[in-house]
Amino acid sequence: MSKQRPPHRTATRLVEAGRDKRWTGPVVNPPVWRASTHLYESEADRKAALGDNNDGTFYYGRRGAPTQWALAEALTGLEPGAHGTVLYPSGVAAIAGALMAVLRPDDVLLVSDNSYEPSRNIARGLLKKWGIEHRFFDPLDLEAYRAAFCDKTRAVWLESPGSLTMEVCDVPAMAAFAREQGAVSLIDNTWATSLGFPALEHGCDISVTSLTKHVSGHSDMMMGSASAGERWYRALRLTSQQLGQVVSPDDASLALRGLRTMGLRLEQSTASAVEIAQWLKTRPEVAHVLCPMLPGDGSYGLWQRDFTGACGLFSFVLKGGDEAARARFVDALELFGIGYSWGGYESLALPFDPASIRAATEWPRAGWDPEDRLGVRLSIGLEDPKDLVADLECGFAAMKEL
Ligand SMILES: *Cc1c(COP(=O)(O)O)cnc(C)c1O
């Protein structure tokens, strides 16, 4: 009898994922299959494919081809508890597609108040138009969350940590309560990915990720994914097919390339982020550092309990509320680009002011000096953190100049 091998660890799974010979043929990576029409051997073959709506069965370009199937399989393999993964042309498309797969007219959706703004806009716009109501809840208040449920609550939208303000919520408790109430829990897991937060294992029904961020890792493509167990995977797949959503094989190939180094990139950028966050805490210009993996942060306890990893994205709040000074800070940075998105190899800085978009929580947070409200979000890339600190120091110096 051959010796039994132990299950592969994460680094090994990142190398092996999605590299089935069915997709790669005799080469290391799945080739880019550019295809709309799939040609059948015979009429009997064409008929046989009709009843088999699964990855691996050729049908037509909209169902994908081996490049996309390899990526979906890789992501499924990296998400414990997943039966399958649906790919979407962007992270926002994944959020909208997943919510549309779950919700029906007259349902109520609960939305975590730290959610990414386009997720909120989907609730306020698209879903409202289809007769679906929503209520925002404070992600840090489990009692308020429970109290927000009503007979019509069909689904819960979570984001942990919130990608601007970094609150980690008690996802296992929230997902368990949703299940008890007969509601579906969906989570935007872009920050941690399945490596840092195995969302389905923690009780969520559907895990949504913007692959634009960490999976791509190089700021040169856009894509999203939703992974789920069998029941919801089928619903996601059918809804996405009816919406005509498809991703290009070129982008799928880029995503697979990014995936291979994602573990290393996340480890490095997390270590750099912690170092920079610690330094920011010592700066007189900084009122609050919002970084769940920093001991002493309000979210550190839950992060440590539930997460096995993190990333380079965190925020801080400047003292004093001087917007022009914040603009001088950001403009003076040379290594940090000013821009949306994150998770690339290059660092970014983004000023933010969440007060106007909050519905169930306060900003500045209760107990803070109300002047201390101007946020800056940093996405820490793969530069040497000492160079990034030096760059931030120049930014702080520029705040004082007039
Ligand atoms: C960027 C982002 C998305 C959307 O992803 P796109 O690929 O840009 O559409 C979703 N959720 C979070 C938390 C994000 O930061």
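Predicted model: local features only at pLDDT ≥ 70, side-chain atom pairs only at ≥ 80, totals over all residues.
## Largest pocket

The largest pocket holds about 640 Å³ of space. Its lining counts 33 residues. Closest to the centre are Tyr116, Glu117, Pro118, Tyr340 and Arg377.

Three elements each give at least two residues to this lining: the helices α5 (91-102) and α6 (117-129), and the strand β11 (348-352). By class, the lining of the largest pocket splits into 15 nonpolar, 10 polar and eight charged residues.

## Second largest pocket

About 310 Å³ of space lies in the second largest pocket. Here 18 residues form the lining, and those closest to the centre are Thr10, Leu195, Gly263, Leu264 and Glu267.

Helices α1 (10-16), α9 (193-196) and α11 (249-281) each supply at least two lining residues. The largest share comes from α11, with seven residues. The lining of the second largest pocket has eight nonpolar, eight polar and two charged residues.

## Nonpolar cores

The largest nonpolar core contains 84 residues. Within this core, the residues with the most contacts are Trp191, Leu280, Phe314, Phe316 and Leu378. Helix α11 gives the most to the core, 12 residues. Helix α11 also supplies the largest share of the lining of the second largest pocket.

What does Phe316 touch, leaving aside residues up to four places away in sequence? Its partners are Leu280, Val286, His288, Val289, Leu290, Phe329, Leu374, Gly375, Val376, Leu378 and Phe396. Two of these names, Leu280 and Leu378, also stand among the residues with the most contacts inside the largest core. A second core is separate and has 29 residues. Val86, Ile95, Ala228 and Trp232 are among them.

## An exposed loop glycine

Where does Gly298 sit? This glycine is in the loop between strand β8 (286-290) and helix α12 (300-306). Is Gly298 buried or exposed? Gly298 counts as exposed because its relative accessibility is 81%, and the exposed class begins over 50%.

Gly298 and Ala11 are 287 residues apart along the chain. Their C-alpha atoms are separated by 30 Å.

Methods. Residues numbered from 1 in each chain as written. Heavy atoms only, no water. 1 Å grid on protein atoms, 1.4 Å probe; cavity = no way out; pocket = protein on both sides within 12 Å on 5 of 7 lines; lining within 4 Å. Points joined across faces, edges and corners; volume = space filled by probe spheres on them. Helix = DSSP H or I, 4+ residues; strand = E, 2+ residues; numbered from the N terminus. Nonpolar A, V, L, I, M, F, W, Y, C, P; charged D, E, K, R; others polar. Core = buried A, V, L, I, M, F, W, Y, C linked by side-chain atoms within 4.5 Å. Buried < 20%, exposed > 50% of the residue type's maximum accessible area, 1.4 Å probe, protein only. Contact = heavy atoms within 4.5 Å.
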